[in-house]
Each structure stands twice: as C-alpha cells, then as structure tokens.
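Work through the exercises below with the structure open. Each task is followed by its solution.

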Amino acid sequence: MTQPTTGPGAPSDEQQAESASRPGDDFPSAELWWRGIAKLATVAAAGTGAGLIFARPALGALLAILAYGLLQLRQLIRLRAWLHAPKRYFLPDIGGLWGEVFDLLIDLQRKNRKRKKKLSLMLAEFQASTAALPDGAVVLGERGEISWFNTAARQLLGLRAPQDLGIRVPNLIRHPSFTEFFEKGDFEHETEAPSPLNRNRLLSLRIIPYGNEQKLLIVRDISERRQLEAARRDFVANASHELRTPLTVLRGYLDLMDMDTHGSGPLASWRSPVQEMRNQALRMEALVNDMLKLARLEGERAHMREEVLQVPMLVARAVEEARAVSKGQHRFEQQVAADLLLLGGETELYSVIINLLTNAVRYTPSGGVIRVSWERRHGNACFAVADTGIGIAAEDIPRLTERFYRVDVGRSRASGGTGLGLSIVKHALECFDATLEIESELGVGSTFICVFPPHRIAEPSGDALPAALSDGGKP
Ligand code: ADP
C-alpha cells in the first residue's frame with residue numbers, strides 16, 4: 001500500500017522533519033556508552049587517587065563511585081519532579097548526558113506546546129466558520145450521539161449545550177420520517193421533517209458519513225422555498241381552474257355552430273374556420289386539464305390516498321381507451337400478472353398508464369404493435385409499454401420528462417399532445433417512490449418502464465384474475 005502524500009493520512013512537514021532527526025538504528029549509543037564509561041572511570045580514578053593519600057585506594061574509588069551514583073539519583077528525582085509538574089520545577093542547564101536529556105525534553109515540550117496552539121487555533125477557526133453557517137451542522141458519533149453542533153442547529157432543532165451532548169439524535173428529532181431515515185442508514189438522499197421547536201417550519205435533513213463511523217448532520221430551513229413552490233403551484237392550479245369555465249362555454253357554442261356548418265346549414269360557409277376554432281378550443285381544454293393535473297400531482301406526494309390498487313383491471317381499462325384512440329390501427333399485446341397489486345392512489349396510477357399508452361399509439365405508425373406488461377422483476381413491480389414506433393434519439397431521452405419538451409412539436413400538436421404527458425407520468429410515479437426508465441431506438445421503437453419498489457407492492461386478498469391476457473393480434 002502506498003502512503004498518502006496529501007490529505008488527513010499524510011505526514012505533515014513537521015512530522016517528516018521530526019522523523020528524519022529521530023534516532024533510529026544508527027543512534028550513536030556506542031559513543032554514549034563510551035562517554036559514560038569514561039566518566040565513571042575518571043570518577044573511579046579520581047577516587048583511587050584521593051584514597052592513595054590515605055593509603056586506601058579501593059575505599060576511595062568506592063566512595064567516589066557512590067557519590068557519583070547519588071548525583072545520578074538526584075538528577076533522576078529532579079526529572080521525575082519536572083515530568084510530574086513541569087510548571088513548578090525547572091530543569092537546570094547542567095551539561096553532560098543529563099544536560100542533553102534535559103535539553104531534548106525541553107525541546108520536545110516546546111514543540112508540543114506549539115502544535116497544541118496550532119491545533120487549538122485551527123479548531124477555533126473551524127468552529128467560528130461553522131458557527132457562521134446559515135445551515136445547522138451537528139457532528140454525530142458512532143451511535144448517532146451528538147458531539148458538537150453550531151448556532152444554527154441550536155436555533156433550528158432547539159439543541160442545548162451541554163445537556164444534549166452525548167444524546168442520540170433520534171431521541172431529540174422524534175419525527176417518524178427522520179427516525180426511519182436514520183435507522184435505515186441510507187444517506188444518499190435527504191429527508192424532511194418539521195422543526196421540533198416550531199411545527200410550521202419545515203427542515204431538510206441530510207446526513208454525510210465521514211471518518212470512523214462519524215456523521216455530519218446538515219439541517220436547512222426549507223419553509224420559504226416550500227411556500228414559494230406552493231404559491232406557484234396554487235397560481236397555476238387556480239389559473240387553469242378559472243380558464244375552464246370560459247373554455248367550456250366557448251366550446252359549447254362552437255359545438256352548436258359546428259352542427260350548423262354541415263350540409264346547407266346557415267353557417268355552411270364558415271365550416272372550416274369553425275372547425276379550426278373548435279379544434280383549438282379542444283387543445284386549450286386538454287392543456288388546461290393537464291396543467292391542473294400536474295399542479296395537483298406536485299402537491300399530492302404527501303397526501304396521496306393509499307389504497308390497494310387492482311392494477312390488472314386498471315391496465316385493461318386503459319388498454320380499451322387506447323384502442324379507441326388507435327381506431328384499430330395497432331395491435332395490442334398484454335402480459336399482466338393478475339396477482340400483482342400496488343399500494344397508492346388510483347388517479348395517479350391511471351394517469352401513468354394512460355399517458356404511456358396514448359403516447360405509444362400517437363407515436364407508432366399504423367400497423368405497429370404495442371406491448372403492455374405488468375410483472376415482478378428483481379423484487380420490484382414493473383409496468384412497461386413497448387411500441388414499434390418512431391423511436392427517440394438518445395440525446396432527447398433525458399429531457400423527455402421536462403414540461404413542454406417535445407422532440408417534434410408539429411407532430412406532437414397534430415396528434416393532440418400537450419407536451420405535459422411524460423411530466424405528469426414522472427410526478428405521478430414520484431408519489432409511488434417509483435422511477436421511469438426509457439429505452440429507445442430511432443425507427444425501431446421505444447419502451448417506457450415504470451419500476452415500483454417492493455414496499456409499494458400489495459398482497460392480493462380476493463380471487464386472482466387470469467395470469468396472462470393477450471388479444472393475440474386482435475386490433
Ligand atoms: P406530448 O404531448 O408532446 O406527447 P409528452 O410529455 O407525452 O408530450 O412526451 C414528450 C415527447 O416525448 C413527445 O413530444 C414525443 O416527442 C416523445 N415521446 C413520448 N412518447 C413517445 C413514444 N412512445 N415514442 C416516441 N416518442 C415519444
């Protein structure tokens with residue numbers, strides 16, 4: 001394994017310099033030994049010399065060595081006292097081996113102090129910068145216990161120091177959506193929950209795992225953003241709703257006028273303009289209805305009714321409707337798992353099925369085949385509509401679910417499209433936590449697959465329908 005050159009695991013310049021000067025195998029211990037032995041020999045010789053004066057050289061040597069030993073003991077005691085309380089005692093500058101040891105220790109202490117100061121400065125800077133963040137930041141330990149939080153977290157979550165330090169965060173943010181999010185441990189997405197301090201404030205909560213099982217919880221107040229979104233949605237919904245009544249009146253009169261344009265009716269010469277006006281009124285009606293549907297779907301996510309949906313029956317109903325649009329020009333094939341049911345809202349699911357089916361009819365030339373399937377795949381439930389139509393270029397696929405995005409505007413309008421169909425599909429699928437996959441090849445055909453996660457699958461309670469239905473080529 002290679003050693004990192006940068007980042008938290010890499011050695012700092014200081015560490016590198018230290019390790020370079022740190023004694024290793026080539027530590028000059030032999031030289032120190034010789035110096036020590038030489039000193040001892042000198043002491044012994046001096047003692048012997050002094051002993052000779054009293055004709056007791058051995059005693060002289062012994063006493064000198066003993067005095068030398070006591071001196072060493074004194075330095076050792078001094079060192080111990082200093083290590084115990086470095087501020088109370090000081091290490092004298094005595095030279096020799098002990099002097100060198102004292103100098104090295106004092107140097108080490110100075111370096112440590114410098115490093116500590118640097119670290120405290122860094123910590124203070126980090127705390128000051130995170131305290132200034134408008135988002136709440138909470139550092140969590142291995143079990144989710146709070147070890148630090150900034151001012152914004154205090155204001156958004158009502159955390160208190162030191163009372164809340166060490167307490168597991170799910171015990172403080174008790175909303176079910178957060179508890180489930182935290183216990184699940186899938187932190188790829190964020191979750192939302194009301195502030196424990198004020199139910200009217202909506203918070204977005206994101207968890208970023210880092211280091212050794214540690215986590216950073218980022219909290220953001222999204223109430224204002226949500227209010228703006230709701231205001232925009234309400235405006236579109238209200239405007240669409242308000243437009244409906246005048247449009248219905250206009251269409252009613254245009255229908256009446258259309259009848260009078262036939263044969264030798266009073267408006268025979270107005271036939272073409274009246275028909276065009278009627279077509280445009282119908283288009284506007286479809287547009288207003290789709291805009292209303294989309295606005296409702298956007299606000300629906302949290303309030304969708306949860307019922308067991310008889311998907312096979314809904315599919316059969318939508319196929320009949322698509323057949324009416326197709327007017328016998330396409331062949332429909334179905335592969336439907338009769339015992340596979342879903343949990344969710346019927347209106348939302350029907351929007352998905354009918355939009356995909358009518359698109360398949362509208363973008364598949366006469367004589368083409370439309371295959372509908374509803375089945376289990378890898379534990380998920382998949383609804384797919386495949387056609388042998390005009391297909392879609394790869395670069396257009398990622399943009400198809402954008403509002404009013406059409407590959408060919410003329411063709412879409414001519415076939416009665418509003419440009420909102422796939423947008424509606426996407427939003428309706430979000431209500432089910434489902435995703436849309438699109439596979440297509442120009443001139444060959446397209447497949448739209450809706451993938452519903454396992455928790456949306458409902459257990460059938462009644463009699464099962466026939467396992468697979470197919471009209472075997474019946475148009
Ligand atoms: P529109 O009302 O225009 O059909 P949609 O949102 O339903 O709007 O679809 C967006 C665009 O995606 C369409 O304009 C069309 O270009 C393309 N599209 C959708 N379904 C198909 C399909 N089955 N085959 C080919 N193109 C498709």
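Predicted model: local features only at pLDDT ≥ 70, side-chain atom pairs only at ≥ 80, totals over all residues.

**Exercise 1.** Give the strand order of the five-stranded sheet and identify its edge strands.

Solution. Step 1: the order is β7-β9-β10-β12-β11 in an open sheet with mixed pairing. Step 2: β7 (331-336) and β11 (435-441) each pair on one side only, and these are the edge strands. Step 3: from one strand to the next, the twist averages 10°.

**Exercise 2.** Describe the pairing of β11 with β12 and find the bridge partner of Ser440.

Solution. Step 1: β12 covers residues 445-452 and pairs with β11 in the antiparallel sense. Step 2: seven bridges join these two strands. Step 3: the bridge partner of Ser440 is Ser446, in β12.

**Exercise 3.** Which strands does helix α9 touch, and which does helix α10 lie across?

Solution. Step 1: α9 (residues 311-326) packs on the sheet and touches β7, β9 (369-377) and β10 (380-387). Step 2: the direction of α9 makes about 175° with that of β7. Step 3: α10 (residues 346-362) lies across β7, β9, β10 and β12. Step 4: the angle of α10 to β10 is about 25°.

**Exercise 4.** Compare the span of helix α3 with the expected one, then list its buried residues.

Solution. Step 1: α3 (residues 57-84) has 28 residues, for which 40 Å is expected at 1.5 Å a residue. Step 2: from first C-alpha to last, α3 reaches 41 Å, close to that expected value. Step 3: with buried meaning under 20% relative accessible area, Gly60, Ala61, Ala64, Tyr68, Gln75, Leu79, Ala81 and Trp82 are buried in α3. Step 4: the cover over these residues includes α2 (29-53) and α4 (96-131).

Key
Residues numbered from 1 in each chain as written. Heavy atoms only, no water. Pairing = 2+ DSSP bridges. Helix = DSSP H or I, 4+ residues; strand = E, 2+ residues; numbered from the N terminus. Axes fitted to C-alpha atoms, helices over the stretch in contact; angles between N-to-C directions. Contact = heavy atoms within 4.5 Å. Expected span 1.5 Å × (residues − 1). Buried < 20%, exposed > 50% of the residue type's maximum accessible area, 1.4 Å probe, protein only.
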